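This briefing goes through a protein structure topic by topic. Please look at the sequence and the structure first, then read the points below.

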Amino acid sequence: MRIRVLGSSAGGGFPQWNCNCPNCDGLRRGTVVAHARTQSSIAVSANEVDWLLVNASPDILSQIRDTPELQPARTVRDSGIAAVLLMDAQIDHVTGLLMLRERSSPLPLLATPEVLSDLGQGFPLTRILSHYCGVAPHALPTDGRSFTVPGLDGIEIQTVALSSKPPPYSPFRDKPRPGDNIGLVLQNPANGARVFYAPGLGEVTPELLQLMAGCAVVLVDGTFWSGDEMQRLGLSPKAALDMGHLPQSGQGGMLEQLARLPVATRKVLIHINNTNPILIEDSAERAELTRRGIEVARDGMDIRF
Ligand code: MLT
Ligand code: MN
Ligand code: ZN
């Protein structure tokens, strides 16, 4: 089983088009040691021909161009992307759906009823797409039952309702529902190995920690290093937790949570905001991660399990 990280950055990408924070400015000028990153998405495959796209980033077209594996070219119009699964309805996770409109059949779209409702109303992508290829919606089970996606044999999936937030445009922004934001457990039925994936994670409960401890790899929210990162740079009045993202540093932060997992668990941060100092490869914060055995996802990274 293979996961290809298509985009490892949070909304805006790195560098962000209008951002002159020390990271974005430094990357443009070539004065920092760092790599550009596109917006949040992964692809998963058991046979490396048929892929489940998890989240559809605004950068999807360049991500597909950079990943020839996604284009097996079996017929004159063809894609290895067999279905799309959405973990929330955030702009950086769904806007790429519009770029898939040239399909000749409805796009199989797996999401919770909460996400499907935001995408039919607040940000009516599925209504817009109905005038192009259309979507074939499948409501994701949220009762812990594992399921498989038609056409993607060999991947078993389980969803986990997470504490985070629906997008700013959602009528439920300040009244989050279970289902607004999910994590995934991807299991390889051939060897039982599991990966936990949660690019947006506001709280690690004891139950979630236990689930993560049973996974070979955890690929989790790396958005912010500190809770007040955006505020200190004068970029937003909001704290990380107000945006549904648990920061890495500080009491109860992601580093503390990951330290509770077995040493053998591979720990990878993903969905990294352009302000985060861990993007700078010779920063003290990055050294701290290395000391703790925590990796930082890159675009094009492969995870096999
Ligand atoms: C988030 O996860 O909070 C998003 O990246 C915000 C955004 O899309 O701007
Ligand atoms: Mn995001
Ligand atoms: Zn920036």
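The structure is a predicted model.

**Helix α1**

- The face of helix α1 turned away from its buried side carries the exposed residues P22 and R29.
- Buried in this helix, which spans residues 22–29, are N23, C24, G26 and L27. They lie on the same side of α1 because the arc they cover around the axis is only 165°.
- After α1 comes G30, which has a positive phi, near 75°.

**The manganese ion (ligand 2)**

- Which protein atoms are the donors of the manganese ion? They are OD of D92 and NE2 of H271, at 2.1 to 2.2 Å from the ion.
- These two residues come from distant parts of the chain, 179 residues apart. D92 belongs to helix α3 (residues 91–94), while H271 sits in the loop between β11 (266–270) and α9 (284–291).
- D92 and H271 are both buried.

**Ligand 1**

- The residues that surround ligand 1 are G11, Q90, D92, H245 and H271.
- In D92, a polar side-chain atom is 2.9 Å from an oxygen atom of ligand 1.
- In H245, a polar side-chain atom is 2.8 Å from an oxygen atom of this ligand.
- In H271, an N or O atom of the side chain lies 3.2 Å from an oxygen atom of ligand 1.
- On its own, ligand 1 would expose 270 Å², and the protein buries 69% of that area.

**Salt bridges**

- How many salt bridges does the structure hold? The count is 18.
- One of them joins the side chains of R2 and D302, with 2.8 Å from N to O. R2 is part of strand β1 (residues 2–7) and D302 is part of strand β13 (residues 302–304), so this pair ties together parts that are 300 residues apart in sequence.
- Is R2 buried or exposed? R2 counts as buried because its relative accessibility is 4%, and the cut-off for buried is under 20%.
- Another salt bridge links D78 and R74, whose closest N and O atoms are 3.0 Å apart. D78 is partly exposed, at 26% relative accessibility, and R74 is also partly exposed, with a relative accessible area of 45%.
- D118 and R177 form a salt bridge as well, and their closest N and O atoms are 3.9 Å apart. Because D118 is in helix α4 (residues 113–118) and R177 is in the loop between β7 (156–161) and β8 (182–187), the pair ties together parts that are 59 residues apart in sequence.
- D118 is buried, with a relative accessible area of 3%. R177 is buried too, at 19%.
- Some salt bridges share partners, and these join R2, R4, E48, E69, D302 and R304 into one network.

Conventions:
Residues numbered from 1 in each chain as written. Chains lettered and ligands numbered in written order. Predicted model: local features only at pLDDT ≥ 70, side-chain atom pairs only at ≥ 80, totals over all residues. Heavy atoms only, no water. Buried < 20%, exposed > 50% of the residue type's maximum accessible area, 1.4 Å probe, protein only. Helix = DSSP H or I, 4+ residues; strand = E, 2+ residues; numbered from the N terminus. Arc of directions from axis to C-beta. Donors = N, O, S within 2.8 Å, 3.2 Å for Na, K, Ca; no water. Salt bridge = Lys/Arg side-chain N within 4 Å of Asp/Glu carboxyl O. Near = heavy atom within 4 Å. Polar contact = N/O pair within 3.5 Å; in protein donor to acceptor, adjacent residues only side chain to side chain. Areas by Shrake-Rupley, 256 points an atom, 1.4 Å probe, with all protein chains shown as cover.
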